Amino acid sequence: MDCIFCKIANKEIPSGIVYEDDDVIAFNDLNPEAPVHILVIPKKHIVNLNDAKPEDQQLLGKLMLTIQKIAAEQGIAESGYRVVTNCGEQGGQTVMHMHFHLLGGREMLWPAG
Ligand code: 5GP
Ligand code: ZN
């Protein structure tokens with residue numbers, strides 16, 4: 001499948017991997033918007049939240065707890081961080097493989113643009 005994040009998960013494209021297990025991989029964003037900007041993705045190709053199925057419930061929970069773990073490892077758990085998933089056109093999604101942005105290391109603005 002011609003999906004850039006599947007290629008990253010399969011190590012066909014190099015990326016700065018910060019975490020990996022059988023189901024999840026996390027890597028540094030190519031164009032970081034914050035001192036810490038990591039993308040956390042399922043290895044399984046799910047387009048976005050609209051595409052997640054009831055059988056993905058455990059995987060979705062695992063993604064959240066993996067983000068918690070990475071935030072602690074990156075030293076931003078106490079200072080705080082933001083987790084974002086952009087879904088679809090108006091959500092600003094540009095890569096059609098579900099991913100969670102973990103952003104931290106600076107004050108975040110709200111509301112998001
Ligand atoms: P979206 O706009 O879909 O929510 O986020 C896509 C993110 O993927 C962007 O922040 C973009 O910088 C990042 N990105 C796109 N292509 C690559 C790539 O080849 N490698 C890495 N590490 N990040 C990428
Ligand atoms: Zn994919």
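Colleague: What is the strand order in the open sheet of five strands?

Modeller: The order is E1-E2-E3-E5-E4, with antiparallel pairing. Strands (E, at least two residues) and helices (H or I, at least four residues) are DSSP runs, numbered from the N terminus. Two strands pair if DSSP finds at least two bridges between them. This is a predicted model, where local features need pLDDT of at least 70, side-chain atom pairs count only at pLDDT 80 or more, and totals for chains, interfaces and linings use all residues. Residues are numbered from 1 along each chain as its sequence is written, chains are lettered from A and ligands numbered from 1 in the order in which they are written, and side-chain values use heavy atoms, with hydrogens and water left out.

Colleague: Which are the edge strands?

Modeller: Strand E1 (17-20) and strand E4 (81-84), each of which pairs on one side only. On average, neighbouring strands of this sheet are turned by 20° against each other, direction ignored.

Colleague: How many bridges join E3 to E5, and how many join E4 to E5?

Modeller: Five between E3 and E5, which run antiparallel, and four between E4 and E5, also antiparallel. Leu 39 has His 101 in E5 as its bridge partner. Gly 104 in E5 has Val 36 standing opposite, and Tyr 81 stands opposite Gly 104 as well.

Colleague: Is E5 enclosed or open to the outside?

Modeller: E5 is largely enclosed by the rest of the structure, because five of its five residues are buried. Buried means under 20% relative accessible area, exposed over 50%, and partly exposed in between (1.4 Å probe, protein chains only). Both faces are covered, with Phe 100, Leu 102 and Gly 104 on one side and His 101 and Leu 103 on the other.

Colleague: And what does H2 lie across?

Modeller: Across E1, strand E2 (24-28), E3, E4 and E5, at about 155° to E3. Contact here means heavy atoms within 4.5 Å. The axes are lines fitted to C-alpha atoms, for helices over the stretch in contact, and angles run from 0 to 180 degrees between N-to-C directions.

Colleague: Switching to the metal. Which residues coordinate the zinc ion (ligand 2)?

Modeller: Cys 3 (SG), Cys 6 (SG), His 45 (ND1) and His 97 (ND1), at 2.0 to 2.3 Å. Donors are N, O and S atoms within 2.8 Å of the metal (3.2 Å for Na, K and Ca), and water is not among the atoms, so sites may look incomplete.

Colleague: What is the spacing of the donor residues in sequence?

Modeller: C-x2-C-x38-H-x51-H. The two histidines link distant parts of the chain, 52 residues apart: His 45 sits in the loop between strand E3 (36-42) and helix H2 (57-73), and His 97 in the loop between helix H3 (88-91) and strand E5 (100-104).

Colleague: Are those histidines buried or exposed?

Modeller: His 97 is buried at 0% relative accessibility, whereas His 45 is partly exposed at 26%. Cys 6 is buried too, at 12%.

Colleague: Last one: where is Leu 30?

Modeller: Leu 30 is in the loop between E2 and E3, exposed at 79% relative accessibility. The C-alpha atoms of Leu 30 and Ile 41 are 15 Å apart, for residues eleven apart along the chain.
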